[in-house]
Amino acid sequence: MMMVSRQLQVFACAAQCRSISKAARQLHIVQPAVSNAVAALEDELGVTLLTHDRRQGMLLTPVGEKILSLVLQMQELEERIRETAREENGLLSGRVRIACLSSLISIVLARPLQLFTSAYPQVELQILEGTPSELFELIERHAADFALSCSPFGRFAVQPLQRDHLCAVFPPGQQGTEISLSDPPGRLIVNRPACETLQDFAPHTELRPGHMLLVQNAESAVELVRQGVGIGIISEFTAKTLAPEFERFAVKPDVSFEIGLFATDLKALPPAADRLLRLIGQSFSGAEPPQ
């Protein structure tokens, strides 16, 4: 059974790869076959789906973006139909795509993933890392089944897991104290997710460029604090897990938020994704909340 036509599948692959040659390698076909399939689809629909830019390479047209979104939804629906049938026959298989903040992978996902892979080894797992805004985009594009991130969650359906807030951790040997983010006692080390959270919940707080070092993830921030580079601004939950040896101090203004799971519709997840989401919720319910 194939609900999504071959032409649509090839177009979706080319659009996501943004390259005919990469799509050909991924689909294990020759490049002319990719070009011909896209051209035939454009002829059938009477619209241009892809264009080429000398600098940016292959680009989707506005109508191409709309049609790609629909194709991805069709592919997702087809996979759900297959998974539902397998589940009825006692076989849980398929693929689960989890979008997640990098800092939450080891401290939240590790145990549920271990349990899930032991129980369902035939299910393919994909973890897509990103910042909160990048996770939004993955869910909107139907490139992930659900996401694990921090609020705000926008218009998506949410399963809250835990309340959290930002805190300060000081380098070894430096006296810690409550700090003002707008007038810190030293250089601040902020990871990208924490920076986005600050922009969402404390938009009027200005972090002076000369007083801030922006890093990709919380693990990097913690290591730089250990090396004495500056004061880390990370979530309380993350600090307790990655750096339990550090005393944690309040920051002003207070920035509190929820850690949670979200998707377009949490009640309509494919069977395998729903099973993993439940495992995450169950394991997280026993997590110690920040003090």
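**Notes on the predicted model**

1. Let's start at helix H7. Asn-191 caps the N-terminal end of H7, with a side-chain oxygen 3.0 Å from the backbone nitrogen of Ala-194. Keep in mind throughout that this is a predicted model.

2. H7 itself covers residues 192-201, and its buried residues are Pro-193, Ala-194, Cys-195, Glu-196, Thr-197 and Leu-198. So the list of buried positions includes Glu-196 and Thr-197 as well as Ala-194, going by the cut-off of under 20% relative accessible area.

3. As a general background remark, nonpolar side chains in soluble globular proteins tend to be buried together.

4. The axes of H1 (residues 6-17) and H2 (residues 20-27) come within 8 Å and cross at roughly 125 degrees. That angle is why the two helices count as oblique to each other. H1 passes H2 in a right-handed crossing. On the H1 side the contact is made by Arg-6, Val-10, Cys-13, Ala-14 and Cys-17, and on the H2 side by Ile-20, Lys-22, Ala-23, Gln-26 and Leu-27.

5. Is Asp-145 buried or exposed? It sits in the loop between helix H6 (132-140) and strand S5 (146-150), and it counts as buried because its relative accessibility is 5%. The Asp-145 side chain reaches the backbone nitrogen of Arg-97 at 2.7 Å. Beyond its neighbours within four places in sequence, Asp-145 is in contact with Glu-76, Arg-95, Val-96, Arg-97, Ile-139, Ala-263, Leu-269, Pro-270 and Ala-273.

6. Last, Gly-57, which lies in strand S2 (residues 57-60). With a relative accessible area of 27%, Gly-57 is partly exposed. Its contacts, not counting residues up to four places away in sequence, are Thr-51 and His-52. Gly-57 and Gln-9 are 48 residues apart in sequence and 20 Å apart in space, C-alpha to C-alpha.

Methods. Residues numbered from 1 in each chain as written. Predicted model: local features only at pLDDT ≥ 70, side-chain atom pairs only at ≥ 80, totals over all residues. Heavy atoms only, no water. Buried < 20%, exposed > 50% of the residue type's maximum accessible area, 1.4 Å probe, protein only. Helix = DSSP H or I, 4+ residues; strand = E, 2+ residues; numbered from the N terminus. Polar contact = N/O pair within 3.5 Å; in protein donor to acceptor, adjacent residues only side chain to side chain. Axes fitted to C-alpha atoms, helices over the stretch in contact; angles between N-to-C directions. Parallel < 35°, antiparallel > 145°, perpendicular 65-115°, else oblique. Left-handed = near helix turned anticlockwise from the far one by under 90°. Contact = heavy atoms within 4.5 Å.
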